[in-house]
Amino acid sequence: MDHNPVPIASSSHGRVSGKPWKSQKTATARSHLPPALKSKSFSDRMEKASKALAIKKLQAELKEEKEAEIQRRREVTLERRKATEERKRAEELKSQLGSRKAARLRRRAGRTKKMVH
């Protein structure tokens, strides 16, 4: 009798199940991912993510600049308004002082409000 040793399979691919109704198990298919993502490598995904991050950063900077410009305009308008109010108040004060002085001069001249000579 010639006894040849049976080669031992190094993986399950080499062995056949004695139970024909049981199928061979395979790696889980990640079917919940879209095909575009399945085909891409990790480095591609990371590159895309870094580009998206850079875009977000740029958008944030632009938004910040825009807000700063709006704030600057608001401050300029507020300063102008304050200056206008101050000018108006100064004019009123000046005119009031002018009328008081005129009334004083009229009183010295002997004229009153009721009697105009």
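A search of the whole structure turns up 4 salt bridges, a salt bridge being a side-chain nitrogen of Lys or Arg within 4 Å of a carboxyl oxygen of Asp or Glu.

1. Before the details, a word on the model. It is a predicted one, in which local features need pLDDT of at least 70 and side-chain atom pairs count only at pLDDT 80 or more, while totals for chains, interfaces and linings use all residues. Residues are numbered from 1 along each chain as its sequence is written, and side-chain values use heavy atoms, with hydrogens and water left out.

2. The overall picture is simple: the protein has 2 helices and 0 strands. Helices (H or I, at least four residues) and strands (E, at least two) are DSSP runs, numbered from the N terminus. Of the 117 residues, 1% are buried; here buried means under 20% relative accessible area, exposed over 50%, and partly exposed in between (1.4 Å probe, protein chains only).

3. With 68 residues, helix 2 reaches 100 Å from its first C-alpha to its last, close to the 100 Å expected at 1.5 Å a residue; the expected span is 1.5 Å times one less than the number of residues. Just after helix 2 comes Gly110, with a positive phi of about 95°.

4. Because they are 4 residues apart in helix 2, Lys51 and Glu47 are separated by about one helical turn. Glu47 is partly exposed, at 45% relative accessible area.

5. Arg72 and Glu69 form a salt bridge too, at 2.8 Å, N to O. Both sit in helix 2, 3 residues apart, about one turn of the helix. Arg72 has a relative accessible area of 45%, so it counts as partly exposed, and Glu69 is partly exposed at 30%. There is a network here as well: salt bridges link Glu69, Arg72 and Arg73.

6. What is the N to O distance in the salt bridge between Arg89 and Glu86? For Arg89 and Glu86 the value is 2.7 Å. These two residues also lie in helix 2, 3 residues apart, about one turn of the helix. Arg89 is partly exposed at 47%, and Glu86 is partly exposed at 42%.

7. Arg106 belongs to helix 2 (residues 42-109) and, at 36% relative accessibility, counts as partly exposed.
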